[in-house]
Amino acid sequence: MASPQQINDLQDAFNRATVSGSPGAVSTSPSQSFLQNQFRSRALSVSKHTKPLKPFSAGDMKILLLENVNQTAIDIFTEQGYQVDFYKTSLPEEELIEKIQSVHAVGIRSKTKLTEKVLAAAKNLVVIGCFCIGTNQVDLEYAASRGIAVFNSPFSNSRSVAELVIAEIISLARQLGDRSIELHTGTWNKVSAKCWEVRGKTLGIIGYGHIGSQLSVLAEALGMNVIYYDIVMIMSLGNSKQVSTLNELLSKADFVTCHVPATPETKNLLSAPQFAAMKDGSYVINASRGTVIDIPSLISAMKSGKIAGAALDVYPHEPAKNGAGLFADELNDWTSELVSLRNLILTPHIGGSTEEAQSAIGIEVGTALTKYINEGASVGAVNFPEVSLRALDLDEENVARVLYIHQNVPGVLKTVNNILADYNIEKQYSDSQGDIAYMIADVSGVSAGDIKSLHDELSNTPFKIAIRILY
Ligand SMILES: NC(=O)c1ccc[n+]([C@@H]2O[C@H](COP(=O)([O-])OP(=O)(O)OC[C@H]3O[C@@H](n4cnc5c(N)ncnc54)[C@H](O)[C@@H]3O)[C@@H](O)[C@H]2O)c1
């Protein structure tokens with residue numbers, strides 16, 4: 001086992017080779033042209049027969065993009081003719097307040113805080129795109145109360161996580177982490193004892209959602225048997241089989257991997273009794289959320305040899321930024337004990353961190369924002385009722401789409417439909433979530449002159465939060 005000094009030396013050498021950009025460093029990343037080709041074809045395309053709608057009274061769409069949002073999103077917005085104001089970083093609060101005043105949409109990642117104070121300054125804002133998974137940097141409730149929909153991208157990185165887990169399964173079975181660190185520090189240790197092929201072994205997946213099911217397909221391609229446990233009955237992919245209890249999974253699997261959300265039920269889902277129920281010499285992987293595994297119990301199970309190896313990508317407390325010395329006992333008091341274990345792969349929450357995932361996030365959120373701006377479709381919004389109407393046909397003339405966001409109180413639709421009653425309501429859909437409700441209606445027989453009066457009348461209704469008309 002490498003000494004702490006050897007590990008430090010190794011870390012210094014590694015930093016010199018990567019962080020400072022060694023001239024001889026070789027990039028193994030796929031070329032930009034590969035990424036562009038792969039994702040361009042999936043970018044938003046408007047059907048030839050679909051009537052493009054434009055907003056009444058909003059002028060040119062202005063979108064503020066912060067924190068180096070992916071190019072795929074910029075391409076989508078510029079193709080739509082939106083005015084894009086792009087920044088590589090987040091902005092200081094005062095500057096953000098100034099910039100947000102006039103824009104219709106804003107795209108951020110995790111660093112920009114869209115607080116009530118910031119959002120209160122936004123006079124024209126209709127939608128926020130979080131080009132990431134989390135949305136707790138946005139005051140979602142306040143945004144909803146102002147009629148501002150918020151979108152994120154929860155599933156664009158599922159494949160990236162599944163591939164990392166595949167890499168970890170093989171790495172643990174072959175003790176790759178230990179062999180690599182030994183050789184980096186000068187120790188030749190050619191061993192085959194307790195090193196295994198994964199073919200024919202059983203993978204137990206806890207949580208068969210977006211990531212778990214992708215992983216299942218990949219693992220079967222490696223010749224593994226796959227079983228899974230989920231609180232919901234889910235149709236299996238390939239030859240994988242759902243088991244009815246967690247204990248059944250634990251007692252049968254050679255590798256156990258967690259892909260559940262962080263909920264009160266999944267807190268310490270794997271703790272001392274669960275490790276005891278596992279096969280001797282089995283392996284544990286967690287790339288879901290840090291609360292799912294009770295790490296002190298894992299440490300004990302690994303020390304006793306019950307668990308032969310583990311890979312962790314997530315932790316109860318994680319540093320807020322990159323830097324040396326941050327993953328320490330001050331953060332989680334068991335850290336020094338954990339890092340001393342053998343056949344333990346530790347990664348800094350990189351499961352979803354790939355170029356492909358970033359491109360896919362750009363497309364997913366960019367498309368959601370565009371559909372909301374152009375069509376009013378709020379499907380996938382995190383703070384808002386999810387409503388959508390099919391697009392209008394090209395040959396539909398004198399049709400206007402009314403997007404009406406209002407407080408969820410009795411009588412509102414009666415008032416609105418009285419105003420719309422002079423026209424033919426072709427289709428209408430309404431839904432509510434908590435205090436907010438959202439109605440879309442396509443009304444025909446509306447001349448250009450009618451739109452202004454329709455807009456004025458609907459704007460003056462009680463309980464209205466926001467209104468847009470597309471035509
Ligand atoms: N490491 C990373 O970088 C990274 C990246 C993306 C997602 N994640 C995390 O991975 C986890 C899974 O993500 P996903 O996209 O597959 O989620 P998902 O919502 O698609 O799937 C989760 C599955 O877990 C099941 N489940 C919920 N509670 C359960 C319980 N108590 N026991 C068994 N099954 C339960 C659900 O029914 C669902 O099928 C999440 O915690 C997510 O935050 C991590």
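Entry on the model. I am working with a predicted model, in which local features need pLDDT of at least 70 and side-chain atom pairs count only at pLDDT 80 or more, while totals for chains, interfaces and linings use all residues. Residues are numbered from 1 along each chain as its sequence is written.

Entry on Q175. I looked up the backbone of Q175 and found a positive phi of about 55°, although Q175 is not a glycine. Q175 sits in the loop between α7 (158–173) and α8 (176–184), where helices (H or I, at least four residues) and strands (E, at least two) are DSSP runs, numbered from the N terminus. Q175 counts as buried because it has 20 C-beta neighbours inside 10 Å; a residue is buried if 20 or more other C-beta atoms lie within 10 Å of its own, exposed if 12 or fewer, and partly exposed in between, with C-beta atoms placed from the backbone.

Entry on H349. I then turned to H349, which is not a glycine and yet has a positive phi of about 50°. H349 lies in the loop between β12 (344–346) and α14 (355–375), and it counts as partly exposed because it has 15 C-beta neighbours inside 10 Å.

Entry on the ligand. Which residues come nearest to the ligand? Of the 30 residues around it, I noted that these are G207, G209, I211, G351 and G352, where a residue is near a molecule if its C-beta atom, placed from the backbone, lies within 6 Å of it. I also noted that α7 and α9 (210–221) each supply at least two residues of this shell, and that α9 gives the most, with three residues.
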